[in-house]
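Please walk through this model with the sequence at hand.

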Amino acid sequence: MSTTFQTRRTMPRWMTTTLLVLLAALSAVAAIVRLIQMADASFFGATPSPDNAAYLAAPVAPVLHLLPGAVFVLVAPFQFIPRIRARWPRYHRIMGRVLVAFALFATISALYMNETHPEFGGPGKYWGNLIFGAAILISLFIAIRAIRRKDVPTHRAWMMRCFAYAMGPATMRLVAIPVFAIIGFPTADNMPSDIFIGNLVFFGFLINAVFVEWLLWRDRQSGTA
């Protein structure tokens, strides 16, 4: 009976981790595709898309965003698995420091591009990137201060928030797939409006913000926070 009860309690956590890894893989694949497109246009003379052309004009910030961001979203989910933290605490600490550095590179470069690259997606995209980019930096700061005080629950909660905000673009892509399947996928002659894209981006961030607060509330209710 106790085994059944434990399985019922732990299965949702493992299901959540699996979904996070799959979502992270989607985000990493999108970053890798963008890097390949940039390299193809830069080194092999392929015709860049309009958004890639803006990246190619100043490629340092996009590379500093895409590469560290891909590593961060792929590795970070495993930092939240209790068994890994308990069995390999030194790995958890070292990888945590590496991931904080990668998150800083990815976020600061994203905020820089949000201010300097041609606007695409209108106010929704701009303010979504600005608000949740700042939220990532604030979450990192609070999480680092907490772990320096040995306050593990607070550190864990704010790192969960940091990761959730960072996964906003991946959630946006996941939402966009069924939406575009209904209304039609974008083409060169039929691009969605800036307002539509901007709202989609902001909605992706907002879904993750609500979801992580629900996870933290669930952990507090169950006494596992």
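Start with Ser-139. Ser-139 is buried, at a relative accessible area of 0%. Buried means under 20% relative accessible area, exposed means over 50%, and partly exposed lies in between, with a 1.4 Å probe and protein chains only. Ser-139 sits in helix 6, residues 122–148. Leaving aside residues up to four places away in sequence, Ser-139 touches Trp-158, Arg-161, Cys-162 and Tyr-165. A contact here is a pair of heavy atoms within 4.5 Å.

A word on the source. This is a predicted model, in which local features need pLDDT of at least 70 and side-chain atom pairs count only at pLDDT 80 or more, while totals for chains, interfaces and linings use all residues. Residues are numbered from 1 along each chain as its sequence is written, and side-chain values use heavy atoms, with hydrogens and water left out.

Now the overall fold. The chain has 9 helices and 0 strands. Helices (H or I, at least four residues) and strands (E, at least two) are DSSP runs, numbered from the N terminus. Of the 225 residues, 35% are buried. Take the contacts between residues at least 6 apart in sequence: 72% of them join residues at least 24 apart. The chain exposes about 13500 Å², and carbon and sulfur atoms supply 70% of that area. Accessible areas come from the Shrake-Rupley method with a 1.4 Å probe; for residues, only the protein chains shown count as cover.

Back to Arg-161, one of the residues that Ser-139 touches. Which residue forms a salt bridge with Arg-161? The partner is Glu-213, with the closest N and O atoms 2.6 Å apart. Arg-161 lies in helix 7 (residues 152–166) and Glu-213 in helix 9 (residues 194–222), so the pair ties together parts that are 52 residues apart in sequence. Arg-161 is buried, at 12% relative accessibility. Glu-213 is partly exposed, at 31%.

The structure holds 2 salt bridges. The term requires a side-chain nitrogen of Lys or Arg within 4 Å of a carboxyl oxygen of Asp or Glu. Side chains of opposite charge can pair when their charged atoms come close. Asp-151 and Arg-149 also form a salt bridge, with their closest N and O atoms 3.7 Å apart. Asp-151 is partly exposed at 23% relative accessibility, whereas Arg-149 is exposed at 51%.

Next, look at the loop between helix 8 (168–183) and helix 9, where Ser-193 is found. Ser-193 is partly exposed, with a relative accessible area of 43%.

Finally, turn to helix 3, residues 60–79. Helix 3 has 20 residues and spans 28 Å from first C-alpha to last, close to the 28 Å expected at 1.5 Å a residue. The expected span is 1.5 Å times one less than the number of residues. Helix 3 bends by about 25 degrees at Val-73, and Pro-77 follows within four residues. The bend is the angle between axes fitted to the seven residues ending at a position and the seven starting there. Buried residues of helix 3 include Leu-66, Phe-72, Val-73 and Pro-77. Leu-64, also in helix 3, is partly exposed at 35%. Val-60, Leu-64 and Phe-105 form a nonpolar surface patch, with about 280 Å² of accessible area together. Patches are made of residues with over 30% relative accessible area and no salt bridge; like charges are joined within 9 Å, and nonpolar side chains (Val, Leu, Ile, Met, Phe, Trp, Tyr) within 5 Å.
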